[in-house]
Amino acid sequence: MIAHIVKPGHKTRGVLNYLYGPGRANEHTDPHLVASWDDFVPDPGRNPGATLAQLADVLDLRVKQAGPKAPKNHVWHCSIRAAPEDRHLADDEWATIARRVLDATGIAPAGDPDACRWIAVRHADDHIHIVATKVRGDLRPPRNWNDFLRADKELVAIEKEYELRQVPRGDRTAAKRPTRAEQEKAQRTGNARTSRERLRTIVRTAVSAATSTEEFFGLIEGTKALVDVQYFPSGDVRGYKVALDGDTNAQGEPVWFSGSTLAPDLSYPKIAERLAGAEATPPERPDATAWRRLAIAADRTPDRLAHSEDDAGQGHIAVLAEALDALPLAAPAGLRPQLVQAATAFERAARSRIRAHHQQAQATRRAVKAILRVPPPKDGALLAIVLDALLLAVTAAQHWHRTREHTQQAEAARQTAEHLRAAYKAAAVEPLAVIHHRGQNLAQWLLKRQVTAVRQALPDLAEQILAEPGWPALAATLSDVTTAGHDPAARLTQAARHRELDTATNLSEVLTWRLNRLPDPAVRKPAHNKAAGQVQPGSTTTPRATPPASRPRGR
């Protein structure tokens with residue numbers, strides 16, 4: 001169940017007109033009272049002789065008695081909606097729910113003869129509306145501070161007692177939803193998304209790409225959005241607001257949104273904190289490409305989430321969101337729709353009540369920004385490797401949120417994983433086919449060597465891996481590992497130990513990408529001299545393997 005408490009108003013009759021009327025799309029059916037503060041309250045829905053004017057008068061009686069002491073906006077209006085899959089609730093059940101919510105919020109405490117006057121109206125199967133006037137019998141206002149939180153807490157208990165769906169609760173860190181007026185304006189102008197949502201995407205993408213606050217503002221201006229930066233008298237930046245070019249109000253002025261109204265983590269102080277230290281610095285692995293550095297950084301995220309303090313873990317999740325925001329800019333056009341959906345879904349998972357510590361995630365942040373400064377990878381396998389690593393990281397973030405009872409964030413991460421998985425499957429088809437073809441053409445003696453490596457490294461999973469359709473691709477990858485001078489069994493053990501395999505549906509495919517993501521060790525297996533079979537001092541590569549029959553024999 002979800003409660004929605006609207007901003008207090010001052011027209012009791014206007015609210016009643018809506019509740020007993022046909023609705024905006026004729027969706028209201030059989031409007032009637034299910035409960036009220038008094039059993040003798042006139043009900044225009046059931047009593048032909050009762051009118052809305054009479055009902056408004058009895059609700060407003062104490063407001064008129066209080067005179068100038070009454071609150072200017074005295075109408076308290078709360079709707080309570082059941083989940084679509086919940087059973088049909090009878091009027092008596094809705095009446096009990098209404099009384100419990102009124103008691104919890106302080107509008108009408110149980111047993112208080114001076115409680116506010118109220119009614120509960122039902123005009124649909126799945127919800128009710130509670131309307132109260134905020135003047136008590138002693139002509140004082142009610143104590144209903146934090147009424148939404150208290151109503152929500154009571155609904156959690158009601159869901160359990162009535163065996164209804166237990167709706168995931170938020171922690172008040174979600175981005176503000178578009179208002180009805182914003183949604184209607186978007187429909188009138190032919191836009192699928194509201195200005196607030198479009199600006200949120202623009203700002204988040206700019207944060208993921210920028211290395212300084214100056215560049216951040218410049219990137220926003222480059223999208224043809226308007227930026228207004230506010231300064232302190234000292235000259236330091238105080239904040240900013242953004243607007244879409246051409247989006248104006250009735251006075252012809254731009255409709256501005258401050259960063260904090262777009263999302264809690266898009267305020268200027270939060271952005272400046274993230275960008276501190278993000279300037280270009282020597283990468284941790286200068287020998288690796290930008291995309292490979294991102295794959296390695298994303299691959300480490302699950303371990304960092306598992307072993308870091310909560311504030312550092314939240315920092316790693318924040319930079320994971322930046323990676324997802326940046327990816328649509330650098331990925332092929334065919335993958336962008338799914339990647340945009342993944343980034344949009346993960347926006348809710350990027351924040352929680354835990355304050356993020358960003359410094360420990362700066363290496364990953366620099367890797368994210370680096371991919372936007374180089375051409376997209378021509379190697380489709382590298383993009384698939386990055387997507388596979390990000391998918392694992394998002395799954396780890398889902399687990400991290402779930403163990404901390406961040407239900408909305410965990411659900412957002414789950415949805416993100418679905419979109420990422422679809423993008424990964426599309427990206428991996430061609431490179432996997434190429435690797436698979438190479439594996440099918442391996443020499444039999446080399447294929448047997450890879451079979452031995454699998455059975456040595458993963459004895460319990462070997463037969464399953466060897467029977468999978470993806471085995472040739474893994475065999476080709478293990479052959480590359482051997483050619484690069486590594487022990488295939490050791491690298492396979494390292495890849496398997498790096499993450500659990502119990503939930504993988506295709507072990508060979510998972511291991512293929514993990515082997516490609518493993519960073520090279522500082523010292524590789526030494527190479528032999530082609531002619532004399534002697535080890536070359538300082539050599540870090542091995543010549544292409546030759547069949548056992550043609551190798552020089554040792555003494």
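1. Asp265 counts as buried because its relative accessible area is 11% (buried is under 20%, exposed over 50%, partly exposed in between, with a 1.4 Å probe and protein chains only). The model is predicted: local features require pLDDT of at least 70 and side-chain atom pairs pLDDT 80 or more, whereas totals for chains, interfaces and linings use all residues. Residues are numbered from 1 along each chain as its sequence is written, and side-chain values rest on heavy atoms, without hydrogens or water.

2. Asp265 pairs with Arg351 in a salt bridge, with 3.1 Å between the closest N and O atoms (a side-chain nitrogen of Lys or Arg within 4 Å of a carboxyl oxygen of Asp or Glu). Helices (H or I, at least four residues) and strands (E, at least two) are DSSP runs numbered from the N terminus. Arg351 is likewise buried, at 6% relative accessibility.

3. Asp299 and Arg517 form another salt bridge, at 2.9 Å between the closest N and O atoms. Asp299 sits in helix α11 (residues 290–307) and Arg517 in helix α21 (residues 507–517), so the pair ties together parts 218 residues apart in sequence. Both Asp299 and Arg517 are buried. Salt bridges with shared partners also connect Arg204, Asp265, Asp325, Glu347 and Arg351 in one network.

4. In total the structure holds 30 salt bridges. One of them joins Asp112 and Arg136, at 2.6 Å from N to O. Asp112 belongs to the loop between α4 and β4 (117–122), and Arg136 to the loop between β5 (127–133) and α5 (147–161), 24 residues apart. Asp112 is partly exposed at 24% relative accessibility, while Arg136 is buried at 12%.

5. Asp86 lies in the loop between β3 (75–81) and α4 (91–105). Polar atoms of the Asp86 side chain are found 3.0 Å from the backbone nitrogen of Ala83 and 2.8 Å from the backbone nitrogen of Arg165.

6. The chain contains 21 helices and 8 strands. Its radius of gyration is 31 Å, well over the 24 Å of the globule rule for 555 residues, so the chain is more spread out than a compact globule (computed over C-alpha atoms; the rule is 2.2 Å times the number of residues to the power 0.38). The C-alpha atoms fill a box of roughly 110 × 60 × 40 Å along the principal axes, and buried residues make up 48% of the 555.

Notes
A polar contact is a pair of N or O atoms within 3.5 Å; within protein, one must be able to donate a hydrogen and the other to accept it, and residues adjacent in sequence count only if both atoms are side-chain atoms.
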